[in-house]
Amino acid sequence: MSSDFYTSSILPFAAIIIKICRAYTNTQEDFEDYYQEVSLQIWKSRDNFRQQSEWSTWVYRLSLNVCLTLLKKRKNNPQHFASDYLPAEITEDSKAFANESLDQLYYAIRQLSEVDRGVILLYLEEQSYQEIADIIGTNPNNIGVRIKRIKERLKKILDGKVN
Amino acid sequence: MEKSIETIWKEGFLQNDALVAPKLNNLYTQKSEHIVDKFTRMFKINLVAIVAGSFFFLGMSYYVEIPYMGLGMFIILNTLVLVNRSLMKGLAKIDKNVNTFQYLKSFDNWMKEQIATNEKFARVLYPFVFLSGAAGFWFGSFGGDIPGADFVNELTFHFPEMIIVFGLPLYGLIGILLVIGLLVYFGGRIYRWDFNIVYGRVLKKLEEIIADMEDLRKEA
């Protein structure tokens, strides 16, 4: 991967990749691994970008797909990753941000199902229902209800009602 | 007032340290180590299985009174293991302190060398296995009747004009030589086919990683 491509096409969207990768990993080591893999896959798949959507939307989609694939692999081969399961509480290793509330929110997001994590991340990133539906591959009519349920669950987790 | 998740999200990412991208280095280190470890582990397990199999064949062949077959298989399979153990020493010598690309290239070179050696060996192995099987059924148990000789006597009784060479019917001898010839000729290919069944996926992954890394080096 040329440093030019990384600087011009990946780094400006690093925030998206970081936010998504953080939701699918529990440790810094796994996060870096996922980030690298997503960056690599963006570079390898760059010729498949058809310009039918924004580059950022494409990056969202690809990042989510790569994370879901890695998570699946991780379930099949848990010994190849540093963290296999979500710890019972936020550990030093899983603290990624100086902001404690954000750490807690991420901890709650990680307790959601894999697809729900993707949906809520896209919602928090202010993607439209149509865009979320396109990226996730579902009907936009269902997205609103789903987001409502996810938010309720997140609230319960954050309030300590659900482990 | 309790913050909404939207507010937590927005405020959290306002801080500069929240979105620091990790450096992209040693991109393939973990993958490479994983692939080499996986191959080495499979290779060792295979060698142990071959040794265990050779003892099993030996025991079974004595039990069913075709010991020449078991003995022949035992000798050739354990020779195969010795050859591959010697190849394994070369694998252990690969320097792990070089960069990932060089490490993978060294591993790939070792792989090509071991495949070439085993292809040559397969040209002896498969005919030897065939001959062991044939000898097992021909000679039967040690010191007992020789089923092969009885078979030839039976044949000569029914077909007295049959040509016998070295105690074997000519057509039978030609057939055996033909099978041996084919096994010598195709031994290397049979080995590749066998090797691909067991290690094909690992090998493909290795090729993909090396190809990716070569692309990366070109563009860097």
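A loop residue and its surroundings

Modeller: B:Phe166 sits in the loop that joins strand 1 (164–165) to strand 2 (168–169) of chain B. Strands here are DSSP runs of E with at least two residues, helices are runs of H or I with at least four, and both are numbered from the N terminus. This is a predicted model, in which local features need pLDDT of at least 70, side-chain atom pairs count only at pLDDT 80 or more, and totals for chains, interfaces and linings use all residues. Residues are numbered from 1 along each chain as its sequence is written, while chains are lettered from A and ligands numbered from 1 in the order in which they are written.

The phi angle of B:Phe166 is near 50 degrees, which is positive, and the residue is not a glycine. B:Phe166 counts as exposed because 6 other C-beta atoms lie within 10 Å. The cut-offs are these: 20 or more other C-beta atoms within 10 Å make a residue buried, 12 or fewer make it exposed, and counts in between make it partly exposed, with C-beta atoms placed from the backbone.

Strand 2 of chain B also holds B:Pro169. B:Pro169 has 17 other C-beta atoms within 10 Å, so it is partly exposed. Apart from neighbours within four places in sequence, B:Pro169 is in contact with B:Val152, B:Leu155, B:Met162 and B:Ile164; contact means that the C-beta atoms, placed from the backbone, lie within 7 Å.

A:Glu126, which is not a glycine, has a phi of about 60 degrees. A:Glu126 lies in the loop between helix 6 (114–124) and helix 7 (129–136) of chain A. A:Glu126 is exposed because it has 10 C-beta neighbours inside 10 Å.

Another loop of chain A, between helix 1 (3–10) and helix 2 (14–24), contains A:Pro12. With 12 C-beta neighbours inside 10 Å, A:Pro12 is exposed too. The C-alpha atoms of A:Pro12 and A:Ser56 are separated by 9.4 Å, although the two are 44 residues apart along the chain.

Among contacts in chain A with a separation of 6 or more, 62% join residues 24 or more positions apart.

Helix 5 (residues 100–110) and helix 8 (residues 140–158) of chain A pack at an angle of about 120 degrees, with axes 9 Å apart. Helix 5 of chain A is therefore oblique to helix 8 of chain A. The contact is made by A:Gln104, A:Ala108 and A:Ile109 of helix 5 and by A:Leu154, A:Ile157 and A:Leu158 of helix 8. Axes are lines fitted to C-alpha atoms, for helices over the stretch in contact, and angles run from 0 to 180 degrees between N-to-C directions. Angles under 35 degrees are roughly parallel, over 145 roughly antiparallel, 65 to 115 roughly perpendicular, and the rest oblique.

Finally, chain A has a mean pLDDT (the predictor's confidence in each residue, from 0 to 100) of 80, and 81% of its residues reach 70 or more. Over residues 80–84 of chain A the pLDDT is below 50, and this stretch has 10 contacts in the model beyond near neighbours in sequence.

How values were computed. Contact = placed C-beta atoms within 7 Å.
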